[in-house]
Amino acid sequence: SDHCLAYPKSPKDMDWASHYPAYAVQHDSAVRTEDESHDAAQVSSRRAISKPVEIADIGCGYGGLLFALAPRFPDTLMLGMEIRISVTEYVQEKVRALRTQNAATNGFQNVSCIRANTMKFLPNFFSKHQLSKIFLCFPDPHFKQRKHKARIVSYTLSSEYAYVLRPGGIVYTITDVEDLHRWMVEHLEKHPSFERIGEEEQEQDECVHIMRSETEEGKKVTRNGGQKFVACFRRVEDPPWP
Ligand code: SAM
């Protein structure tokens with residue numbers, strides 16, 4: 001159950017520095033309310049980071065995609081979001097190990113993972129237009145009709161993805177379930193904030209190749225000789241207010 005999950009009140013309430021210590025900057029601020037004497041002034045010390053997270057892997061599983069992307073985009077901060085405790089802990093443990101192994105080159109400082117139900121409160125983690133890429137790789141298919149509401153693509157969730165994604169940013173989707181592929185295409189295509197990216201451009205994007213080959217599910221589907229369906233969507237500019 002995710003009832004006991006803690007969510008930040010807003011993106012600035014996240015302790016990002018604990019996730020990306022190599023990017024931490026110190027912000028010491030004296031917070032004093034009007035009726036407090038100088039002595040009683042509360043000094044809070046919040047550690048922020050020098051650049052925002054730009055890539056989110058939603059339902060990251062064991063983190064195969066992130067660990068492949070991290071060295072390809074060494075200056076871009078990326079975050080896996082996963083609902084299962086043990087899986088989140090596995091990814092966090094692997095991040096620590098890879099950072100230690102690659103300490104000489106500062107490798108894998110740009111990758112982290114948090115436990116979260118991404119169907120809830122995504123805008124509490126990311127501010128408007130913060131992200132450049134969102135990955136939805138092999139989401140749980142929830143085959144039965146009455147379970148469709150548990151799918152991580154819907155009109156409402158597309159609006160949340162559009163909020164946190166900057167214009168020009170991309171939502172990447174991949175699945176081996178053709179029905180789910182059609183569902184994701186249908187919901188994202190009808191959303192006014194997204195347009196589907198053509199096949200030629202899609203195939204030129206190295207992230208597409210990485211998500212096909214480096215996700216744990218992608219590897220499993222290859223082993224079983226299954227098909228993989230890919231669809232990518234660009235976040236378009238918001239129309240001007242009338
Ligand atoms: N993306 C990985 C891959 O391609 O190998 C894992 C795919 S796995 C089939 C789906 C993952 O999404 C599982 O690890 C599951 O725990 C996670 N998940 C499902 N619903 C979620 C939610 N609402 N929030 C966060 N993670 C979720």
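**Figure 1. Strand S9 and its two partners.** In this predicted model, Tyr 172 has Cys 232 of S9 as its bridge partner. That contact belongs to the pairing of S7 with S9, which is antiparallel and runs over 6 bridges. S9 also pairs with S8, again antiparallel, through 3 bridges.

Figure 2. S3 (residues 53-58) joins S6 through 4 bridges, and the two run parallel. In this pairing, Ile 58 sits opposite Leu 136 of S6. S6 is also paired with S7 (residues 165-175), in the parallel sense and over 6 bridges. Cys 137 finds its bridge partner in S7, namely Ile 174. To get from S6 to S7 the chain passes through helix H5 (residues 155-164), making a right-handed β-α-β crossover.

Figure 3. Which residues of H5 are buried? Ser 158, Tyr 161, Ala 162 and Val 164 are. The cover over the buried residues of H5 includes the strands S6, S7, S8 (194-196) and S9 (229-235), along with the helices H4 and H6 (178-189).

**Figure 4. The loop between S6 and H5.** Two residues get labels in this view. Phe 138 lies in the loop between S6 and H5, and its phi is positive, about 45°, although it isn't a glycine. That's worth a second look, because most residues other than glycine have a negative phi. Phe 138 has 22 other C-beta atoms within 10 Å, so it counts as buried. Asp 140 is found in the loop between S6 and H5 too. UniProt lists Asp 140 under "active site", in an unreviewed entry. Is Asp 140 buried or partly exposed? With 14 other C-beta atoms within 10 Å, Asp 140 is partly exposed, since burial would take 20 or more.

**Figure 5. His 129, on the way into S6.** His 129 has its place in the loop between helix H4 (122-125) and S6. Phi of His 129 is near 65°, a positive value in a residue other than glycine. His 129 has 16 other C-beta atoms within 10 Å, so it's partly exposed.

**Figure 6. The shell around the ligand.** There are 20 residues around the ligand, and those that come nearest are Gly 59, Gly 61, Cys 137, Thr 215 and Glu 217. Strand S4 (77-82) and helix H9 (216-223) are the elements that give two or more residues to this shell.

**Figure 7. Cys 4, in the segment before H1.** Cys 4 is found in the segment before helix H1 (16-19). Cys 4 has 5 C-beta neighbours inside 10 Å, so it counts as exposed. Pro 123 is shown as well: Cys 4 and Pro 123 are 119 residues apart in sequence and 19 Å apart in space, C-alpha to C-alpha.

Terms used
Residues numbered from 1 in each chain as written. Predicted model: local features only at pLDDT ≥ 70, side-chain atom pairs only at ≥ 80, totals over all residues. Pairing = 2+ DSSP bridges. Right-handed = clockwise from strand over helix to strand, strands pointing away. UniProt positions renumbered as here; feature names shortened; annotations may be inferred. Buried ≥ 20, exposed ≤ 12 C-beta atoms within 10 Å, placed from the backbone. Near = placed C-beta within 6 Å. Contact = placed C-beta atoms within 7 Å.
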